[in-house]
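Student: I would like to learn how to read the features of a model like this one. Please take me through them in turn.

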Amino acid sequence: MAGAGAGAVAVPGGGRPLIITEDPVLLDDLLRLCAAAGAEPHVHHAVPGQGGAGGSDRASDGTAAGVGWDSAPLVLVGDDAARRVRGAPRRTGVFLVGRDLDDPLVWQRAVEIGAEEVLRLPEAESLLVDRIADVVEGAGRPALAVGVIGGAGGAGASTLACALAVRAARAGERTILIDGDPLGGGMDVLLGGESAEGLRWPDFAASRGRVGAGALEESLPELHALRVLSWDRGDRVVVPPAAMRSVVAAARRRGGVVVVDLPRRVDEAVAEVLAQLDLVLMVVPGELRSVAAAGRVAAGVRMVARDVRVVVRGRCPGGLEPEAVAGLLGAPLAGEVPVEVGLPGRVAEGEPPGAQGRGALARFCDGFWQRALGPAQGVPA
């Protein structure tokens with residue numbers, strides 16, 4: 001699975017970045033960007049503890065507050081302070097920030113202080129806000145993101161997506177279930193929570209920039225120990241691609257598991273989701289007509305998704321073997337899920353798919369998560 005972003009630094013520091021600069025204009029800009037990311041930075045003239053000329057403490061709260069070059073989760077060094085920072089111990093999470101786009105020596109100074117990147121304002125403002133917000137939210141390893149898509153109509157993709165989320169939550173994983181199919185009837189309905197309080201997709205339709213991970217999670221309905229982002233009962237069936245991208249990125253940011261129920265048609269918004277998934281499970285009934293339909297769906301999904309695998313749902317009399325289905329689709333076989341007797345009736349009574357721990361659906365999901373959420377948080381082939 002993909003690791004954390006380049007700006008996420010797994011070192012202590014209380015989520016408060018360290019700013020080193022004496023440039024008042026640059027400092028005002030950096031303080032403004034920190035405020036936009038919800039961070040309260042420490043500000044110094046030089047590396048804390050070094051002393052010397054220009055090395056006096058000037059923390060934003062009036063004290064050093066125990067922050068230091070080694071302990072701050074993120075260090076923003078102004079161009080004016082690069083010379084004073086030379087000689088400090090090398091560490092990750094250091095960025096050289098300035099405004100002069102034509103300075104030919106900027107990269108030399110970045111190398112001298114061990115900076116990961118050179119950020120030029122105002123062009124890099126959005127990127128810098130993201131880096132700072134990652135620190136505030138304690139970004140580490142992102143969630144394992146799994147999409148589920150039906151290879152044919154009525155294949156049971158939504159049922160599998162719901163069951164995967166339910167079983168992950170019951171295993172103690174932080175879990176968010178995202179309904180990416182506006183015409184699917186609503187994942188909140190499958191969970192028996194269509195009247196639960198919380199935000200739905202139309203509330204996020206206007207999102208353009210970064211969505212806070214904590215704010216997103218707390219705003220969603222909580223059902224069966226997981227959070228679910230579904231559709232309301234209104235007429236809106238379109239969410240702009242930028243909003244899709246921002247919301248899915250926020251859902252992944254705090255780790256755990258994100259499960260996305262996908263529509264069979266891959267448009268621009270769905271492509272934004274597919275690009276962020278670690279794995280896509282394509283649910284295909286084991287009969288030839290469904291396999292033919294799944295081939296067309298798979299062609300669109302593979303244009304964006306990194307890893308597509310087949311789940312064969314049920315066996316028809318005289319139907320195809322699971323290995324044959326996967327072979328015809330040219331994708332690895334993730335497993336077979338037999339049809340579970342009595343499941344529709346239990347769902348109608350308010351019991352979500354996967355709730356029966358001894359059922360075939362739950363056994364498949366538990367086995368999948370045991371393989372996928374191993375020590376390396378990878379998805380084995």
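**Reading the sheet, the helices and the rings**

Tutor: Strand E4 (residues 94–98) and E5 pair in the parallel sense over four bridges. Two strands pair if DSSP finds at least two bridges between them; helices (H or I, at least four residues) and strands (E, at least two) are DSSP runs, numbered from the N terminus. Within this pair, glycine 98 stands opposite arginine 120 of E5.

Student: What should I know about the source?

Tutor: This is a predicted model, in which local features need pLDDT of at least 70 and side-chain atom pairs count only at pLDDT 80 or more, while totals for chains, interfaces and linings use all residues. Residues are numbered from 1 along each chain as its sequence is written, and side-chain values use heavy atoms, with hydrogens and water left out.

Student: In which order do the five strands form the open sheet?

Tutor: In general, strands of a sheet pair through backbone hydrogen bonds, either parallel or antiparallel. Here the order is E2-E1-E3-E4-E5, with parallel pairing. Strand E2 (42–44) and strand E5 (117–120) are the edge strands, each pairing on one side only. On average, neighbouring strands of this sheet are turned by 25° against each other, direction ignored.

Student: Which strands does helix H1 lie across?

Tutor: Helix H1 (residues 24–36) lies across strand E1 (18–20), E2, strand E3 (75–78) and E4, and runs at about 170° to E1. Axes are lines fitted to C-alpha atoms, for helices over the stretch in contact, and angles run from 0 to 180 degrees between N-to-C directions. Helix H4 (residues 125–136) also packs on the sheet, where H4 touches E3, E4 and E5 and makes about 125° with the direction of E5.

Student: How do H1 and H4 cross?

Tutor: Two packed helices are described by the angle between their axes and the distance between the axes. The axes of H1 and H4 come within 9 Å and cross at roughly 55°. H1 and H4 are therefore oblique to each other (angles under 35 degrees count as roughly parallel, over 145 as roughly antiparallel, 65 to 115 as roughly perpendicular and the rest as oblique). From H1, Leu30, Arg32, Leu33, Cys34 and Ala36 make the contact, and from H4, Glu125, Leu128, Val129 and Ile132; contact means heavy atoms within 4.5 Å.

Student: How many aromatic pairs does the structure hold?

Tutor: Rings of Phe, Tyr and Trp (its six-membered ring) pair if their centres lie within 6.5 Å; planes under 30 degrees apart count as stacked, over 60 as edge-to-face and the rest as tilted. The structure holds two such pairs. The rings of tryptophan 201 and tryptophan 231 have centres 6.0 Å apart and planes at 35°, so this pair is tilted. For phenylalanine 368 and tryptophan 369 the centres are 5.0 Å apart and the planes at 70°, so that pair is edge-to-face.

Student: Are tryptophan 201 and tryptophan 231 buried or exposed?

Tutor: Both tryptophan 201 and tryptophan 231 are buried, where buried means under 20% relative accessible area, exposed over 50%, and partly exposed in between (1.4 Å probe, protein chains only). Phenylalanine 368 and tryptophan 369 are buried as well.

Student: Which backbone angles stand out?

Tutor: The peptide bond from leucine 121 to proline 122 is cis, with omega near 5°, and proline 122 sits in the loop between E5 and H4. Histidine 224 has a positive phi, near 55°, in a residue other than glycine, and is partly exposed at 34% relative accessible area.
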